[in-house]
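Thank you for asking for a second reading of this model. My comments are set out below as numbered points, to be read beside the sequence and the coordinates.

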Amino acid sequence: MLTDAAFTLGGTPTTWAELLGFLTGVLNVWLVARQRISNWPVGILNVALLMLVFWTAGLYADAGLQILYVLLGLYGWWSWLYGGEHRSRLRVGDTSPGEWVALAIAGVALTAALTVFLDRATDSTVPFPDAVTTTLSLLATYGQTRKRWESWWLWIAADLIYIPLYAYKGLYLTAALYLIFLTLCVFGLRQWRAARPAALVPA
């Protein structure tokens, strides 16, 4: 069973779901940073595993977020293949000022709504951090589906909150995974920023 303990870390059992989520998560972020289309099926498998991990830990917003990740993963898969000019492969680009305004408004509204929902409708002990990380992750994933290089900054911000949050909930392996994610996000940021057309034009 995926919810059975694979081993014990720091006195806390680590399930097979968390272990497999760790492995597929590292592979997924590395593939994204390298702009490999195979990141999408690997990512869908990863979020299915993490959905189980988060629900068991009482991180309900994060668990629900994985369902949206599956849908965004399918969209991102299509977008990377056909979302470019004349249905060509998508290239790395910049986030427009209009997109930033829309993302900011959506981010504030979603964070507020999720915080209220988690506080009143669930037994979550961390409603605000859960809501903030959920919102940042959704916004970052949208940017990833459109190959916006700045989406890595949103992932970095989310990871800096996720790491202590998961450690607090006893998900030590997942906290370690997000520490690796943080390192890979910095790598991805540099790779995507260098790959955008504006960076390829000689000064």
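1. Basis of the reading. This is a predicted model, in which local features need pLDDT of at least 70 and side-chain atom pairs count only at pLDDT 80 or more, whereas totals for chains, interfaces and linings use all residues. Residues are numbered from 1 along each chain as its sequence is written, and side-chain values use heavy atoms, with hydrogens and water left out.

2. Helices here are DSSP runs of H or I with at least four residues, numbered from the N terminus, and the expected span of a helix is 1.5 Å times one less than its number of residues. Helix α7, with 24 residues, reaches 34 Å from its first C-alpha to its last, close to the 34 Å expected. As to burial (under 20% relative accessible area is buried, over 50% exposed, and in between partly exposed, with a 1.4 Å probe and protein chains only), α5 is mostly covered, since 16 of its 19 residues are buried. The buried residues of α7 include Leu173, Leu177, Tyr178, Phe181, Cys185, Gly188 and Trp192.

3. Salt bridges. Side chains of opposite charge can pair when their charged atoms come close; the rule applied is a side-chain nitrogen of Lys or Arg within 4 Å of a carboxyl oxygen of Asp or Glu, and the structure holds two such bridges. In one of them, Asp94 and Arg196 meet at 3.3 Å, N to O. Asp94 lies in the loop between α3 and α4 (97–121) and Arg196 in the loop between α7 and α8 (197–200), so this pair ties together parts that are 102 residues apart in sequence. Asp94 is partly exposed, with a relative accessible area of 41%. In the other salt bridge, the closest N and O atoms of Arg148 and Glu99 are 3.1 Å apart. Because Arg148 lies in the loop between α5 and α6 and Glu99 in helix α4, the pair ties together parts that are 49 residues apart in sequence. Both partners are covered, Arg148 being buried at 17% relative accessible area and Glu99 buried at 15%.

4. Positive phi angles. Most residues other than glycine have a negative phi, and two positions deserve a check against that background. Gln35 has a positive phi near 60°; Gln35 lies in the loop between α1 and α2 and, at 28% relative accessibility, counts as partly exposed. Lys147, which follows α5, has a positive phi of about 55° although it is not a glycine. Lys147 is found in the loop between α5 and α6, where it is buried with a relative accessible area of 7%.

5. Aromatic pairs. Rings of Phe, Tyr and Trp (its six-membered ring) are paired if their centres lie within 6.5 Å, with planes under 30 degrees apart counted as stacked, over 60 as edge-to-face and the rest as tilted; by this rule there are twelve aromatic pairs. The ring centres of Trp40 and Trp80 are 5.4 Å apart and their planes stand at 90°, so the pair is edge-to-face. This pair links distant parts of the chain, with Trp40 in helix α2 (residues 39–57) and Trp80 in helix α3 (residues 60–82), 40 residues apart. Trp40 and Trp80 are both buried. Tyr162 and Tyr178 form a tilted pair, 4.8 Å centre to centre with 55° between the planes. Here Tyr162 belongs to helix α6 (residues 151–168) and Tyr178 to helix α7 (residues 172–195), 16 residues apart.

6. Charges over rings. A charge sits over a ring if NZ of Lys or CZ of Arg is within 6 Å of the ring centre and within 35 degrees of the ring normal. The charged end of Lys147 sits over the ring of Trp80, 4.4 Å from its centre, and Arg196 lies over the face of Trp149, at 5.1 Å from the ring centre.

7. Nonpolar surface patch. Leu2, Trp16, Leu20, Leu23 and Leu52 form a nonpolar patch on the surface, with about 410 Å² of accessible area together. Patches are made of residues with over 30% relative accessible area and no salt bridge, like charges being joined within 9 Å and nonpolar side chains (Val, Leu, Ile, Met, Phe, Trp, Tyr) within 5 Å; the areas come from the Shrake-Rupley method with a 1.4 Å probe, and for residues only the protein chains shown count as cover. Helix α1 (residues 16–33) gives the largest share of the patch, three residues, and Leu23 has its place in helix α1.

Note on methods
Helix = DSSP H or I, 4+ residues; strand = E, 2+ residues; numbered from the N terminus.
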